[in-house]
Amino acid sequence: MSEISPAALRGAVDLSSLRNRPATPTEAASAPPVADVVVDATDETFGQILELSRTVPVVVDLWAEWCGPCKQLSPIIEKVTRELGGRVLLAKVDVDANPQLAQSFRAQSIPMVVALIAGQPVPMFTGAVPEQQVRDVFAQLLQVAAQNGVTGSLSVSEEGAEPAPPAEPELPPLHAEAFAAIELGDYAAAITAYEKALAENPRDADAIAGLGQVRLLDRVQGLDLQAARAAAADGPLDVQAQFDVADLDLAGGHVEDAFGRLLDLFAQLPADQRTPVRERLVELFGLIGAEDPRVVSARNRLSSLLF
């Protein structure tokens, strides 16, 4: 994106129900120390975070556990936020756990990243993007914030600071190879690395999940949503056309739409043509998680269609 402006989302996002009382100029200039520059925001706590946007830009990362692209983008946003040393606050919002926030931001697909400057929403980006683009957009955000007089800095309270998390265990070589390939956008190489890991250990749960996520990213890369939807509408029994739209829906956070599309297709196809659809459904179930109620519901419908 070439420019970001607070006017771009004004009226498209309704934050009125999340506000606390307006902050006075004195309050805005002297924000209390925070426990961390990266916080988990909830429907109940977001009003306080909104007020901090009068001191520093607040970046809101709307994500979900089942969202593969979120797992690529969120660590990059957190890294860039921490490097800015208190000039930006990152508020992470789990859309499944906080439906009011998801509705207020009108999050039709995730990952969705929006900034707040003095309480006003500023669009940043939707979908996973490379690290350099994240850095470029953050730089623009700081410029827009300065133009609007939001130039403060947050201090992290030593008393409130959470203890440093333990160092993450070193990734197995093939997993590290897959992550490096994903960062380069080389999904084919990442798929190969995960497949090698599974050949060594077919029960490697992390490799199974990683392979499913990167296959989805690889499939949606280069797809045009409008063209894909048109092809699916023209060919209701065209398996590949329906697969393309289901993948795009899942990558965009429309899980039930993706499952419903494939289940409808499964129901309409002759018995001898159903296997690829069932296998794709099972793969997508694995991406979302067996305990997710949307998966449970879709599995039940699939079972009823099978028997």
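Two strands count as paired if DSSP finds at least two bridges between them, and helices (H or I, at least four residues) and strands (E, at least two) are DSSP runs, numbered from the N terminus. With that in hand, look at strand 5, where the bridge partner of Val113 is Phe125. This is a predicted model, where local features need pLDDT of at least 70, side-chain atom pairs count only at pLDDT 80 or more, and totals for chains, interfaces and linings use all residues. Residues are numbered from 1 along each chain as its sequence is written, and side-chain values use heavy atoms, with hydrogens and water left out.

**The big picture**

- The protein's secondary structure comes to 13 helices and five strands.
- Of its 307 residues, 45% count as buried, where buried means under 20% relative accessible area, exposed over 50% and partly exposed in between (1.4 Å probe, protein chains only).
- Take the contacts (heavy atoms within 4.5 Å) with a separation of 6 or more: residues 24 or more positions apart account for 72% of them.

- The five strands form an open sheet with mixed pairing, in the order 1-3-2-4-5.
- Strand 1 (38–40) and strand 5 (120–126) are the edge strands, each pairing on one side only.
- From one strand to the next, the twist averages 25°; angles here run from 0 to 180 degrees between N-to-C directions, and axes are lines fitted to C-alpha atoms, for helices over the stretch in contact.
- As a bit of background, strands of a sheet pair through backbone hydrogen bonds, either parallel or antiparallel.

**Who pairs with whom**

- Strand 1 and strand 3 run parallel and are joined by three bridges, with Val39 standing opposite Ala91 in strand 3.
- Strand 2 and strand 3 also run parallel, joined by six bridges; here Val60 has Ala91 of strand 3 as its bridge partner.
- Strand 2 runs antiparallel to strand 4, with five bridges between them, and Val60 stands opposite Val114 in strand 4.
- Strand 4 (residues 112–117) and strand 5 run antiparallel and share six bridges, and Met112 has Thr126 of strand 5 as its bridge partner.
- The hairpin of strand 4 and strand 5 has two residues between the strands, and in it Ala118 takes a positive phi near 50°.

**Tucked-away strands**

- How many of the residues of strand 4 are buried? Six of the six are, so strand 4 is largely enclosed by the rest of the structure.
- In a regular strand the side chains alternate between the two faces of the sheet.
- Strand 4 is covered on both faces, with Met112, Val114 and Leu116 buried on one side and Val113, Ala115 and Ile117 buried on the other.
- Strand 3 has five of its six residues buried, so it is largely enclosed by the rest of the structure too.

**Helix 3 and helix 5**

- Helix 3 lies across strand 1, strand 2 (58–63), strand 3 (89–94), strand 4 and strand 5, running at about 165° to strand 2.
- Helix 5 packs on the sheet as well, touching strand 2, strand 4 and strand 5, and its direction makes about 165° with that of strand 5.
- The buried residues of helix 3 include Gly68, Pro69, Cys70 and Ser74.
- Helix 3 (residues 68–83) and helix 5 (residues 131–147) pack at an angle of about 45°, with their axes 10 Å apart.
- That makes helix 3 oblique to helix 5; angles under 35 degrees count as roughly parallel, over 145 as roughly antiparallel, 65 to 115 as roughly perpendicular and the rest as oblique.
- Among the residues making this contact are Leu73, Ile76 and Val80 of helix 3, and Val134 and Phe138 of helix 5.

**Helix 7 and helix 8**

- What angle do helix 7 (residues 187–200) and helix 8 (residues 205–220) pack at? The angle is about 155°, with the axes 9 Å apart.
- Helix 7 and helix 8 are therefore roughly antiparallel to each other.
- The residues in contact include Tyr187, Ile191 and Leu198 of helix 7, together with Ile208, Leu211 and Val214 of helix 8.
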